[in-house]
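Subject: Structure handover and notes

Hello,

Please read the notes with the structure open beside them.

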Amino acid sequence: MRSLTAEEYVEAFKSFLDHSTEHQCMDEFNREEMPNIVASLGNGKSTINVLGIGSGTGEQDLKMIRILQAAHPGVLIDNEIIEPNPQHVAAYRELVNQASDLQNVSFVWHQLTSLEYEQQVKEKGTHKKFDFIHMIQMLYRVEDIPNTIKFFHSCLDHHGKLLIIILSDSSGWATLWEKYRHCLPSTDCGHYITSNGITDVLKRLGVEYQVYEFPSGWDITECFIEGDPVGGLMMDFLTGTKNFLGTAPPGLRRRLQEALCQPECSSKKDGRIIFSNNLSMIVVE
């Protein structure tokens, strides 16, 4: 058993997005809460500086940029992106090239991890300040979560805001990681962190924050169909392991499939198994 490569992760992640309401959940947050959150950004400045950390292929970034444009018409938006995956950077660039409504937005990509970016900034000794920084579903892959949050919070300008989107403690992931961790292979190098772990860090930093909870589901029915290629990719994403169903010991496979069916992880709807993928949107002042 081995961990997913960057390319394999992209493929497994796509199968997750195709069968979950993750992006619809974020869209709901964008619609209901984001206009109010970004209304005061920039404080009347002619340019709003934005930093996306672990932005992936950019779909969510551009949705937020458009909300910013609507809230601050005519204001320039200087958008910097930190994303280590070259495939994701290429897809993000292509998305920008195809868009016709981003005239007032400049883009700078840093093909780096958040830690590499942090080290670069500290070496230069220059500290660019941002009005809006967002970390969407990326803190699982960070080595030192408290220090990462502390550093990027220090990159905020006066009245700036940091948005952290992370799995909720009401999600099936939280139960899986807490109660059924023994069912997961040791190959996955991610951190098992949910919203309470993040708010604990923010309390220790003594900063003000607000948490918004939004429901989301992931249809994992195919995980239980023998030989199903989509189910195979889903299990790879769940475990961070290449070909988990083909390489895991049968006992481990069985225990994980049983854990996924538990009511605190999943619900049944119209004969389908829906894993709880609830998200917490944490806005830090």
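Asparagine 243 sits in the loop between α10 and α11 (244-247). Its phi is positive, near 50°, and it is a residue other than glycine.

On sources: this is a predicted model, in which local features need pLDDT of at least 70 and side-chain atom pairs count only at pLDDT 80 or more, while totals for chains, interfaces and linings use all residues. Residues are numbered from 1 along each chain as its sequence is written, and side-chain values use heavy atoms, with hydrogens and water left out. Helices (H or I, at least four residues) and strands (E, at least two) are DSSP runs numbered from the N terminus.

Aspartate 270 also has a positive phi, about 50°, although it is not a glycine. This aspartate lies in the loop between β8 (266-269) and β9, and is exposed, with a relative accessible area of 73%.

The sheet

Seven strands form an open sheet in the order β3-β2-β1-β4-β5-β10-β6, with mixed pairing; two strands pair if DSSP finds at least two bridges between them. At the edges are β3 (105-110) and β6 (209-214), each of which pairs on one side only. From one strand to the next the twist averages 15°. Helix α5 (residues 86-98) packs on this sheet and touches β2 and β3, and its direction makes about 170° with that of β3. For such angles, axes are lines fitted to C-alpha atoms (for helices over the stretch in contact), and values run from 0 to 180 degrees between N-to-C directions.

Within the sheet, strands β1 (residues 47-53) and β2 (residues 76-82) run parallel and are joined by seven bridges. Leucine 51 has glutamate 80 in β2 as its bridge partner.

Serine 55 counts as buried, at 11% relative accessibility. Not counting residues up to four places away in sequence, it touches Asp61, Ile81, Ile82, Glu83, Tyr92 and His134, where contact means heavy atoms within 4.5 Å.

In helix α6 (residues 114-124), the buried residues are Ser114, Tyr117, Glu118 and Val121. Seen down the axis of α6, they fall within an arc of 100°, so they line one face of the helix; the arc is that of the directions from the helix axis to the C-beta atoms. Their cover includes β1, β2, β3, β4 (130-136) and α7. Glutamate 118 is buried, with a relative accessible area of 8%. Leaving aside neighbours within four places in sequence, glutamate 118 is in contact with Thr148 and Phe151. Glycine 125 follows α6 and has a positive phi, near 75°.

Helix α9 (residues 195-205) has Ser195, Ile198, Thr199, Val201 and Leu202 as its buried residues. Seen down the axis of α9, these fall within an arc of 155°, so they line one face of the helix. They pack against α7 (145-154), β5 (156-167), β6 and β10 (279-284). The face turned away from the buried side of α9 carries the exposed residues Lys203 and Arg204. Glycine 206 follows α9, with a positive phi near 70°.

A helix pair

Helix α1 (residues 6-19) and helix α10 (residues 229-239) pack at an angle of about 110°, with their axes 8 Å apart. They are therefore roughly perpendicular (65 to 115 degrees) to each other. On the α1 side the contact involves Tyr9, Glu11, Ala12, Phe13, Ser15, Phe16 and His19, and these meet Val230, Leu233, Met234, Asp236 and Phe237 in α10. By class, the contact has eight nonpolar residues (Ala, Val, Leu, Ile, Met, Phe, Trp, Tyr, Cys and Pro count as such), two charged (Asp, Glu, Lys and Arg) and two polar (the others, Gly among them).

One more buried loop residue

Asparagine 278 lies in the loop between β9 (272-276) and β10, and counts as buried at 15% relative accessibility. Its C-alpha atom is separated by 9.5 Å from that of tryptophan 218, 60 residues apart along the chain. Leaving aside neighbours within four places in sequence, the contacts of asparagine 278 include Leu167, Ser168, Phe214 and Pro215.

Regards

How values were computed
Buried means under 20% relative accessible area, exposed over 50%, partly exposed in between (1.4 Å probe, protein chains only). Angles under 35 degrees count as roughly parallel, over 145 as roughly antiparallel, 65 to 115 as roughly perpendicular and the rest as oblique.
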